Amino acid sequence: IFSYTSDFCQPFRLRRFLSVAFFPRAHFAMSTGTVTASGFNFDENEKSFAQFCDRVRGGGSSVTSLTISDCGFTWKFVRPLCELLTAQPSISALDLSENTMGHFDGALTLSEYLASKPSPPIHALNLASNDIGDDIAGKFCENLAENEFLSKLVLDSNQPFTPIFAHSIGYLVINALSLTELSLGDLQIDCDAAHVLAEAVMHSSTLTNLNLEMNLVQGEGGTFLGEMLSVNTKLSRLSLSFNRLSAEGLAGLLCEDVVRRNTALTMLNVCRNLINGIDGIAGLPRNLSLLNIAFNNVNVPGAVKLSGYLEDPNSKLQVLYLQRNLIGDDGVCVLCDALNSNTTLKILDLSDNMISIHGVMYVTAALSTNTTLIRLHLNENPFGDDGMSLLENHHGQFWGLEFLEVRGCRIAGHHDEVRWNNGRLLVAFDESKRARRKPGGEEGDDDDDDEDEEDTDPG
């Protein structure tokens, strides 16, 4: 659902050395309205920043986005950048990630510019990995809250959250005029900081998308966020992957009040946590359309619980990621029983779940009756050639399925319906399937393009 970069993936000096050693040609590029600086270190070559500004001015009103990521952009270039933005009001997106603007108040100077009147029309601002900390957090967030246009803010991988930083972000969330998307990944947000943020989001009238990936929310923090979801009526997307969230934390997140009251949440990402079972959850929010619970350990009882939601005639779930959850053939059996009556699910990922030929039998039976599932992923399951042959022999009966992925399934033999594509073993069904999603050849709408956008690898 969200993208983020963690501190241990950002050895800045090594990356800069490699870019010079192996890709020595620094250059500016322009594509679809975005001017990008690549391979530069402005801090060591100030003339190159002036050249960058000249390139932007040369693009005129066609330039709508600037990307100056990992280019040695420091505090000394902030004021010239603000002058450039004033001269180029068409620019609405600014990416300054992986620089060092937090030092010497560079980020604070930029925030003061964004707070000026009339408000600069910056809609999206990426300040990830800029060493921003609580020394400037208070005034920095007050300034950003004054901007009338800022709707997307990325602050991933800055200095770890402190109480000052947490309350400053809380002020921004409550008072921002237009903020709808906020990314706070990899900031060591613990349960106390999560409590502060949850209280703020409760009172936000604009925020719809919150990314808290790769933090330390854990169990109690999940309870605080559950209290938030039971009150908030705006937030539609929440990402909590890599948060050491336990089964108790998930139960607090999806408590009875959330299931009964929340109608806003449509996408929830809790992949790669410590969820060893979902028996404690009260249910799913009534309008949830995407659930990513991959790389946990929900096991067979968890599959049974999820199958109950799929059988619910009021379920709106369209995308379900269940990779590496140890559900096995028994878990696949109950999920496939639910698919026999489900009419909403379009994308299902069951990769790496120890599914054998017996599980594939359940899958083929379900796909012969289900008319709405479009994409199915069965990667890294040990069903081998026998399972692949079974899928091929029955795929003509799969009324709705258009895409099946079976990479890493111990398949060695030749299969007519299999083709190689970028090292991934795929089964691609005929395009005619689009017109026969229902028995009897009834024409169906070709509306799966939007769903493909959601089909991302949660890992």
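**Note on selected local features**

1. Glu112 has a relative accessible area of 40% and is therefore partly exposed (buried is under 20%, exposed over 50%, partly exposed in between, with a 1.4 Å probe and protein chains only). Glu112 belongs to helix α4, residues 106–114 (helices are DSSP runs of H or I of at least four residues, strands runs of E of at least two, numbered from the N terminus). Its C-alpha atom is 9.7 Å from that of Asn147, 35 residues apart along the chain.

2. This is a predicted model, in which local features need pLDDT of at least 70 and side-chain atom pairs count only at pLDDT 80 or more, while totals for chains, interfaces and linings use all residues. Residues are numbered from 1 along each chain as its sequence is written, and side-chain values use heavy atoms, leaving out hydrogens and water.

3. Asn243 sits in the loop between β9 (237–239) and α9 (247–253). Asn243 counts as buried because its relative accessibility is 1%. Beyond neighbours within four places in sequence, its contacts (heavy atoms within 4.5 Å) include Val217, Arg272 and Asn273.

4. There are 8 aromatic pairs in the structure (rings of Phe, Tyr and Trp, the last by its six-membered ring, with centres within 6.5 Å; planes under 30 degrees apart are stacked, over 60 edge-to-face, the rest tilted). Phe42 and Phe52 have ring centres 6.2 Å apart and planes at 45 degrees, so this pair is tilted. Phe42 and Phe52 are both buried. One aromatic cluster is formed by Phe42, Phe49, Phe52, Phe73 and Phe77.
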